[in-house]
Amino acid sequence: MIQQNDPNGTQPQSGLLAKTLKGVLNVFLAAALSATLFTALPVTGIGLRFPLFQTGQNNGESYSSETPSITLRVGLVVGHWGHDVGAICPESLGGYREVDINYTVADLTRQYLQAEGIKVDLLKEFDEQLNGYQGDALISIHADTCEYIPELGTGFKIAEAVDNKRPEQAARLMACIDNRYGDITGLRYDHRITPDMTSYHAFSEVDPNTPAVIIETGYMNQDRELLTQNPSLVARGITAGIMCYLNREEISPE
């Protein structure tokens, strides 16, 4: 077979050179594109909701689109626990001790909050952990006197520190508990807040950035049946109030 060449005998060499240059150019273009793409991405990958390359099950590996979860932390102070017994009812009214009611309600609240994924610290009245305590909220749980007070001896109370460093957050926490607790338990809100509540010792012990409130869950006399026979309802009311605050839920009008 006779090979056909161009008149100058140069076409084979120039064709090979063109192909070579084209290949080199493609390599440089691909490298430049890759460099531009990866330079534009943040070094840590923060802000990427999904991985850049979806590999599915390749090599037995998979990628999750879930963002890291944030653990919320709440402190629950059991009123009088580790200090004294608090208020006491006479034997004719069951001989109930406030500290026992407080502990039962606080422990149930702890369980309900943990079921919601919240980290909970169950604290004694003068717990060392209260010094500089840091959390998303702190609630001290108490019950009111067992004395009989005609007409007025029923209901719950909530108070924040008189000199709260985070007044907006504490007010929001109070409003949430007020709304949810009242709706769930059916108890009225008692506005007769005492200086012992607004000057509660733990308010000055916790970190200033931790919103803290104290709640009197009900009177151990006229509200005795709710507090002693249905503490789970009391705990659910407190839990709902805390979750309202943590989730920034809307508060229904009164």
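**Exercise 1. Describe how strand 4 and strand 5 pair, and how helix 3 lies against them.**

Step 1. Strand 4 and strand 5 (residues 212-219) run antiparallel and are joined by four bridges. Two strands count as paired if DSSP finds at least two bridges between them. Strands (E, at least two residues) and helices (H or I, at least four) are DSSP runs numbered from the N terminus.

Step 2. One of the bridges links A159 to I214 in strand 5.

Step 3. Helix 3 (residues 167-185) packs on the sheet and touches strand 3 (137-144), strand 4 and strand 5. Contact means heavy atoms within 4.5 Å. The direction of helix 3 makes about 175° with that of strand 4. Angles run from 0 to 180 degrees between N-to-C directions, and axes are lines fitted to C-alpha atoms, for helices over the stretch in contact.

The model is predicted: local features need pLDDT of at least 70, side-chain atom pairs count only at pLDDT 80 or more, and totals for chains, interfaces and linings use all residues. Residues are numbered from 1 along each chain as its sequence is written, and side-chain values use heavy atoms, with hydrogens and water left out.

**Exercise 2. Work out the order of the sheet and find its edges.**

Step 1. The sheet is open, has five strands in the order 2-1-3-5-4, and its pairing is mixed.

Step 2. The edges are strand 2 and strand 4 (157-160); each has a single partner strand, so one side of each lacks a neighbour in the sheet.

Step 3. On average, neighbouring strands of this sheet are turned by 20° against each other, direction ignored.

Step 4. Strand 1 (residues 73-78) pairs with strand 2 (residues 119-123) in the parallel sense over five bridges. R73 has K119 in strand 2 as its bridge partner.

**Exercise 3. Characterise the packing of helix 2 on helix 6.**

Step 1. Helix 2 (residues 98-115) and helix 6 (residues 231-246) pack at about 50°, with axes 8 Å apart. Helix 2 is therefore oblique to helix 6; angles under 35 degrees count as roughly parallel, over 145 as roughly antiparallel, 65 to 115 as roughly perpendicular and the rest as oblique.

Step 2. Contact residues include T104, V105 and L108 in helix 2, and P231, S232 and V234 in helix 6. By class, this contact has ten nonpolar, four polar and one charged residues. Ala, Val, Leu, Ile, Met, Phe, Trp, Tyr, Cys and Pro count as nonpolar, Asp, Glu, Lys and Arg as charged, and the others, Gly among them, as polar.
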